[in-house]
Amino acid sequence: MSDSHNRADFVRFSLEQGVLRFGSFKVKSGRISPYFFNAGLFNTGRTVGRLAQFYAQALVDSGLEFDMLFGPAYKGIPLSTATAVALAGHPGLHGRDVPFAFNRKEAKDHGEGGTLVGAPLQGRVVIIDDVITAGTSVRESVEIIRQAGAEPAAVLIALDRMERAGADDALSSHSAVQEVASRYGMPVISIASLDDIMGLLRNDADLAGHRDAVTAYRARYGVFHPSSPSGTEC
């Protein structure tokens, strides 16, 4: 599957599952967005399995060298687990079995103890999450990985909203994704981005009614950077 097909297919799949919706939505930043993406609505075995295949394909397409996956609690736990399963069956990895780990929010004081579960953190670690908003989850993950003596190699997310951070009267020149890439010196790989959503709106007559609203929102809040499966680097 080509990079562009993987991205376009993911946007269509998200729309079909009600994960991507168009309308008027108040988002976490307080903005009224003409579209909404909620990866938590991938909530069945089949849809999470398909989502994991998209994550695996985006990671393979990126050409990134990596040794294991890390899923930050809580959303990253099922995402890293399912993606590791998908990678195990991916023909591009030729039977390679990729380890994964995740953290607990609270330290366990019995049994093996600690906050980490899964394979030992080592080598080049890919952090898997759904989206990047404030970057808090990434910062905590980077600290955990570095404390273990491993190297944060990339962040892999479902959707890059390509949206400037900050209040309306003090908008950043960069998106949250760009800031993470710059701060930690590693790529952010996304299955799809706002570019791909715009492509869907351009090519689907049934959705054409939402095109102007999304275009206007992007003109106000968007950043324009090359969107590619190899990630966003600043």
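**Close-up views of a predicted model**

**View 1. The loop around His-94.** His-94 is found in the loop that runs between helix 3 and strand 4 (100-108), where helices (H or I, at least four residues) and strands (E, at least two) are DSSP runs numbered from the N terminus. This is a predicted model, in which local features need pLDDT of at least 70 and side-chain atom pairs count only at pLDDT 80 or more, while totals for chains, interfaces and linings use all residues. Residues are numbered from 1 along each chain as its sequence is written, and side-chain values use heavy atoms, with hydrogens and water left out. Although His-94 is not a glycine, its phi is positive, at about 50 degrees. His-94 counts as exposed because its relative accessibility is 72%; exposed means over 50% relative accessible area, buried under 20% and partly exposed in between, with a 1.4 Å probe and protein chains only.

**View 2. The loop around Met-162.** Met-162 lies between strand 7 (151-160) and helix 5 (176-184), in the loop that links them. Its phi is near 55 degrees, a positive value in a residue other than glycine. Met-162 has a relative accessible area of 1%, and so it is buried.

View 3. Ala-73 and Tyr-74 are joined by a cis peptide bond, with omega at about 0 degrees. Tyr-74 belongs to the loop between strand 3 (68-71) and helix 3 (76-88).

**View 4. Helix 1 against helix 6.** Two packed helices are described by the angle between their axes and the distance between the axes. Helix 1 (residues 3-16) packs with helix 6 (residues 194-203) at an angle of about 75 degrees, and their axes are 9 Å apart; axes are lines fitted to C-alpha atoms, for helices over the stretch in contact, and angles run from 0 to 180 degrees between N-to-C directions. Helix 1 is therefore roughly perpendicular to helix 6, a term used for angles of 65 to 115 degrees, whereas under 35 counts as roughly parallel, over 145 as roughly antiparallel and the rest as oblique. Arg-7, Val-11, Arg-12 and Leu-15 of helix 1 make the contact with Asp-196, Ile-197 and Leu-200 of helix 6, contact meaning heavy atoms within 4.5 Å. The residues of this contact divide into four nonpolar, no polar and three charged (Ala, Val, Leu, Ile, Met, Phe, Trp, Tyr, Cys and Pro count as nonpolar, Asp, Glu, Lys and Arg as charged, and the others, Gly among them, as polar).

**View 5. Asn-6 and Gln-57.** Asn-6 has its place in helix 1, and its relative accessible area of 3% means that it is buried. Although Asn-6 and Gln-57 are 51 residues apart in sequence, they are 7.4 Å apart in space, C-alpha to C-alpha.

**View 6. The nonpolar cores.** In the largest nonpolar core, which has 44 residues, Phe-10, Phe-37, Leu-69 and Ile-197 touch the most other members; such a core is a set of buried Ala, Val, Leu, Ile, Met, Phe, Trp, Tyr and Cys residues joined through side-chain atoms within 4.5 Å. Helix 2 (residues 45-62) gives the most to this core, with seven residues. Leaving aside neighbours within four places in sequence, the contacts of Leu-69 include Leu-59, Leu-87, Phe-100 and Ile-128. A second, separate core of 21 residues includes Leu-121, Ile-127, Ile-132 and Val-155.
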